Amino acid sequence: MGLRIAMLCVHTSPLDQPGTGDAGGMNVYVTELASALAAQDAQVEIFTRSTSSLLPDVVEMTPGVLVRHIPAGPYEGLDKNELPGQLCAFTSGVLRTEAGRAPGWYDAIHSHYWLSGQVGWLAADRWDVPLVHTMHTMAKVKNATLGPGDEPEPRGRLIGEDQVVAAADALVASTAEEASDLIDLYDADPDGVHVVAPGVDLDLFHPDTAVLDGAGLAAAQRRARLSLGLPPEEPIVLFAGRIQPLKAPDVLVHALAEIRDRGDRVPMLVVLGGSSGRLSSAQELQDLAAGLGLSDRLLLRPPVPRAELAAWFRAADLVAMPSRSESFGLVAAEAQACGTPVVATGVGGLRTVVADGRSGVLVRGHDPRLWAGALTGLLRDDERRHALGAGARRHAEQMGWDAAASAMLKVYEMARERR
């Protein structure tokens with residue numbers, strides 16, 4: 001019998017569709033990590049806040065992984081920033097679940113995001129088990145990289161994160177840079193910070209060709225476009241993620257205007273995502289495109305299931321991530337696994353996930369002129385783009401979830417010894 005892990009994911013459920021609201025890369029991270037841990041004989045129970053009276057109390061996500069829906073506050077209409085007031089109710093539900101088990105049932109708690117860390121802090125103390133925490137995003141980093149119109153993270157979160165860092169027996173960072181931020185900005189104990197790179201589902205995200213050359217990748221692209229009803233000869237840049245200032249899709253719209261003004265062929269920008277933070281975010285992006293005379297070059301689609309997302313990655317010439325802050329950048333890893341080069345801002349985890357010049361291109365900053373140059377340069381050069389696509393797949397093959405789960409199990413054991 002492997003370790004029994006209580007995973008805490010208060011503000012978003014691993015069962016939610018990523019790409020809108022508060023659901024994003026963290027949802028994928030929790031889902032894939034839990035499944036990979038179960039494949040290595042761990043038992044995982046994920047506690048998340050119930051957002052509907054119709055949700056069952058318990059859902060088996062996959063063999064060895066249960067999702068428990070905990071009532072905490074009204075089912076609907078609660079913003080993430082209002083959830084601190086419901087942490088007591090959520091914690092009560094978590095503790096009540098454990099009370100019905102044999103003593104010492106859970107071997108470790110793994111909390112995700114600071115809200116869950118607050119719950120984990122109390123539960124770990126009550127159960128006398130180690131608390132392992134993954135930040136996913138950090139308020140101090142986000143506040144230093146705010147986009148236009150973005151609100152700074154509240155002081156309560158800053159205080160809460162400091163408390164969680166001090167209470168955790170182990171902190172998990174996705175990259176060495178994130179580990180440095182934890183140590184430098186949050187005064188984390190270096191001995192308790194562990195780097196575990198997230199993985200990629202390499203069976204789901206793949207190039208759909210056995211030969212990673214220009215002809216093979218181009219044929220796979222044509223098949224993907226045919227399946228999605230996309231024009232076969234249109235240059236396509238894809239953005240997949242939540243529409244919010246932090247992810248900066250507006251930079252891409254301004255880059256299209258710059259490309260047009262230079263007299264170059266303007267690619268189609270496909271945005272797969274929904275509004276996050278502000279309900280009007282998607283409409284604001286459409287209005288921006290209309291104001292620049294680019295409505296016909298923006299295709300806005302809702303988030304799609306992950307199997308379909310892989311087809312969109314293969315259909316695109318480039319995947320663009322102009323994020324202002326990114327702890328890891330799972331979209332970049334998944335796109336590269338499909339053999340599609342990524343153009344990304346050189347920030348946070350993107351500097352690790354995207355191998356500049358080998359699997360994609362890193363852009364310094366958010367100047368639309370720089371983005372226009374990077375996109376146009378690759379769209380004009382089929383040979384270089386295909387070489388980057390082949391390099392992208394090779395780079396992604398180093399990031400499997402099995403390796404991530406094995407490393408995480410070692411972190412759990414070290415945290416138990418440390419406690």
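Hi everyone, let's start with two strands: β1 and strand β2, residues 43-49, pair in the parallel sense over 5 bridges. Pairing here requires that DSSP finds at least two bridges between the strands, and strands (E, at least two residues) and helices (H or I, at least four) are DSSP runs, numbered from the N terminus.

A quick word on the source: this is a predicted model, where local features need pLDDT of at least 70, side-chain atom pairs count only at pLDDT 80 or more, and totals for chains, interfaces and linings use all residues. Residues are numbered from 1 along each chain as its sequence is written, and side-chain values use heavy atoms, leaving out hydrogens and water.

Back to β1. M7 has I46 as its bridge partner in β2, and M7 also stands opposite H110 in β5. Strand β5, residues 108-112, pairs with β1 in the parallel sense over 4 bridges. Of the 5 residues of β1 (residues 4-8), 4 are buried, so the strand is largely enclosed by the rest of the structure; buried means under 20% relative accessible area, with a 1.4 Å probe and protein chains only.

Now, what is the order of the open sheet of 6 strands? The order is β11-β10-β9-β12-β13-β14, with parallel pairing. Since β11 (298-301) and β14 (360-363) are at the edges with a single partner strand each, one side of each is left without a neighbour in the sheet. For β11, that pairing is with β10, residues 268-272, in the parallel sense over 4 bridges, and L272 stands opposite R301 in β11.

Conventions. Buried means under 20% relative accessible area, exposed over 50%, partly exposed in between (1.4 Å probe, protein chains only).
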